[in-house]
Amino acid sequence: MAGQNFTVENADAGKDWPTAYDVKAAHRALHNLDDALLKRIPVLPVGTRLKQGATYIDLAQSRRAEFTATANMEVRPAS
């Protein structure tokens with residue numbers, strides 16, 4: 001995604017991340033959501049530590065469901 005500048009600011013981490021709207025694989029995985037919502041869903045880079053107690057969706061899983069992060073969880077590469 002070099003050179004692309006589509007991001008959502010993550011206030012907790014102070015970083016800008018691409019959104020589900022910008023990342024083709026995420027956009028396809030969440031095809032049932034409208035574009036306005038996709039633009040509000042940040043896609044976290046591998047290695048990002050998840051915030052304990054926050055809710056996430058693991059797009060690498062074939063059965064997508066929400067989960068609540070626990071201590072020491074981080075984004076893993078898709079297997």
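Tutor: We will take the labels one at a time and set each value against its cut-off. Keep in mind that this is a predicted model.

Student: How do you know how far to trust the model, and where is confidence lowest and highest?

Tutor: Confidence is scored as pLDDT, from 0 to 100. The protein averages 82, and 80% of the residues score at least 70. Strand E1 (residues 8-10) has the lowest confidence, with a mean of 51, while helix H2 (residues 35-38) has the highest, at 94. Over residues 1-7 the pLDDT is below 50, and this stretch has 12 contacts in the model beyond near neighbours in sequence.

Student: Which elements does the protein have, and in what order do they run?

Tutor: There are two helices and four strands. Starting at the N terminus, the order is β-β-α-α-β-β.

Student: Why is threonine 19 called buried?

Tutor: Its relative accessibility is 3%. Buried means under 20%, so threonine 19 counts as buried. You will find threonine 19 in the loop between strand E2 (15-17) and helix H1 (24-29). Across the whole protein, 20% of the 79 residues count as buried.

Student: What makes the pair of threonine 19 and aspartate 22 a polar contact?

Tutor: Their side chains are joined at 2.8 Å. The cut-off for such N or O atoms is 3.5 Å, so the pair of threonine 19 and aspartate 22 falls within it.

Student: Is tyrosine 21 buried, exposed or partly exposed, and why?

Tutor: Tyrosine 21 has 31% relative accessibility. Leaving aside neighbours within four places in sequence, tyrosine 21 is in contact with His27, Asp35, Leu38 and Lys39.

Student: How do you know that the charged end of lysine 39 is over the ring of tyrosine 21?

Tutor: The charged end is 4.6 Å from the centre of that ring. The distance cut-off is 6 Å, and the charge must also be within 35 degrees of the ring normal. Lysine 39 is listed as sitting over the ring of tyrosine 21.

Student: Where is aspartate 34, and what is 3.2 Å from its side chain?

Tutor: Aspartate 34 is in the loop between H1 and H2. A polar atom of its side chain lies 3.2 Å from the backbone nitrogen of alanine 36.

Student: What makes asparagine 72 stand out, and is asparagine 72 buried or exposed?

Tutor: Asparagine 72 has a positive phi of about 70° although it is not a glycine. Most residues other than glycine have a negative phi. As for accessibility, asparagine 72 is at 64%. Exposed means over 50%, so asparagine 72 counts as exposed. Its place is in the segment after strand E4 (66-68).

Student: Which residues make up the largest nonpolar core, and why is it called a core?

Tutor: The six residues are Trp17, Leu44, Leu50, Tyr56, Ala69 and Val75. The name applies because a nonpolar core is a set of buried residues of nonpolar kinds, joined through side-chain atoms within 4.5 Å. A second, separate core has five residues, including Ala20, Ala26, Leu30 and Leu38. In soluble globular proteins, nonpolar side chains tend to be buried together.

Definitions and conventions. Residues numbered from 1 in each chain as written. Heavy atoms only, no water. Buried < 20%, exposed > 50% of the residue type's maximum accessible area, 1.4 Å probe, protein only. Polar contact = N/O pair within 3.5 Å; in protein donor to acceptor, adjacent residues only side chain to side chain. pLDDT = per-residue confidence, 0-100. Contact = heavy atoms within 4.5 Å.
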